[in-house]
Amino acid sequence: MFKQLITGLVALAGAATAASAAAPLPDVAKGVAIPQDKGYFVEEIADGLYWVTEGVYTTMFLTTGEGVIMVDAPPSIGQNLLKAVAEVTDEPIKYVIYTHSHADHIAAAGLYPADAIVIAHEATKARLERMADPDRPAPYGVFVGGAAVPLPTVTFSDTYTLTVGDQTLELAYRGDDHEPGNIYVYAPRQKVLEKIDIVFPGWVPFMDLAVSENVMGYIKAHDEILSYDFDKLVSGHFGRLATREDVETQKAYLEDVVANGLTALKTVDFMSIAQQTGFDNLAVLFDTYLTALGRKCADLTEAKWVGRLGAADVWTASHCGRVIESLRID
Ligand SMILES: [Zn+2]
């Protein structure tokens with residue numbers, strides 16, 4: 001017990017040192033102030049469309065006069081999603097849209113009324129069906145404070161328009177990026193787009209290109225986002241809405257990561273690294289080589305971006321690693 005306590009304290013001290021060693025956060029990385037008595041922030045963006053955050057996750061919901069349309073259900077906001085809705089409308093929740101299958105964005109959907117109609121891309125339904133497998137080695141969603149979710153009752157492959165009362169949301173699938181099935185949810189009247197886990201306003205993306213499965217699709221999604229006529233983007237993280245400028249800034253950052261990854265691939269010499277490590281242990285050889293590639297790309301990128309975007313000093317190396325692997329093998 002005592003030994004565990006000491007180990008814990010040492011780990012905490014290590015974490016504190018790491019945090020204090022990080023570059024100061026630029027102002028653009030700061031989100032809205034969260035009322036501490038409530039634990040969440042809710043605000044109307046325009047014409048009955050609201051966004052909600054607890055400081056780390058963001059999503060939106062739309063009042064229609066004939067029931068609320070919820071987009072996603074981040075378990076970190078949890079019950080406060082229901083409080084946020086009740087704070088601004090008496091309408092019941094009638095529709096739920098899943099942007100994609102990841103539990104950290106939807107695994108509180110069991111809180112919504114059981115008769116709500118759940119809409120998602122067909123690939124999202126297929127993934128959620130896999131996750132409902134009772135023989136799966138670990139359950140879905142519990143690691144982020146959620147639980148199993150209702151399967152979608154309505155699915156689509158390309159586009160789906162949801163009109164309720166005098167409100168409309170246009171759902172579209174434009175190809176694989178962060179995850180197959182990750183859709184665009186557009187409110188044309190409000191000029192608001194929700195697209196999750198691509199853009200991190202004021203920050204570089206979450207580690208490993210936001211844990212995206214398709215690297216080139218992930219980068220291309222920035223152009224897809226910009227092709228919409230939107231004023232505000234609900235992007236899923238962190239505590240504020242994104243603007244077109246945020247999307248363009250992150251796109252420029254990623255273009256630098258790709259260019260610097262190519263530079264690293266062209267300039268870091270595999271054979272000179274092999275001369276140091278030898279060929280006997282191929283794992284050591286490739287680990288040394290890939291680490292050198294990633295470091296070269298990160299050094300070039302950090303020199304330009306630390307201080308402009310939050311976590312450029314923390315996650316650029318992981319982005320370089322993901323991009324370089326993609327440039328090598330995809
Ligand atoms: Zn995700």
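This is a predicted model: local features need pLDDT of at least 70, side-chain atom pairs count only at pLDDT 80 or more; totals for chains, interfaces and linings use all residues.
I take buried to mean under 20% relative accessible area, exposed over 50%, and partly exposed in between (1.4 Å probe, protein chains only). Residues are numbered from 1 along each chain as its sequence is written, and side-chain values use heavy atoms, with hydrogens and water left out.

**Aromatic pairs.** I pair rings of Phe, Tyr and Trp (its six-membered ring) if their centres lie within 6.5 Å; planes under 30 degrees apart are stacked, over 60 edge-to-face, the rest tilted. That rule gave me 11 aromatic pairs.

I looked up Tyr-184 and Tyr-228, a stacked pair at 5.5 Å centre to centre with 20° between the planes. They link distant parts of the chain, 44 residues apart: Tyr-184 is in strand β10 (184-187), Tyr-228 in the loop between α6 (215-226) and β12 (232-234). Helices (H or I, at least four residues) and strands (E, at least two) are DSSP runs, numbered from the N terminus. Tyr-184 is buried at 1% relative accessibility, and Tyr-228 is buried at 9%.

Next I checked Phe-270 and Phe-286: centres 5.5 Å apart, planes at 50°, so I logged the pair as tilted. Phe-270 is in helix α8 (270-277) and Phe-286 in helix α9 (282-305), 16 residues apart. Phe-270 is partly exposed at 24%; so is Phe-286, at 33%.

I also found Tyr-184, Tyr-186 and Tyr-228 in one aromatic cluster.

**Charges over rings.** My test is NZ of Lys or CZ of Arg within 6 Å of the ring centre and within 35 degrees of the ring normal. Lys-38 has its charged end over the Tyr-40 ring, 4.7 Å from the centre. Arg-308 lies over the face of Trp-305, 4.0 Å from the ring centre.
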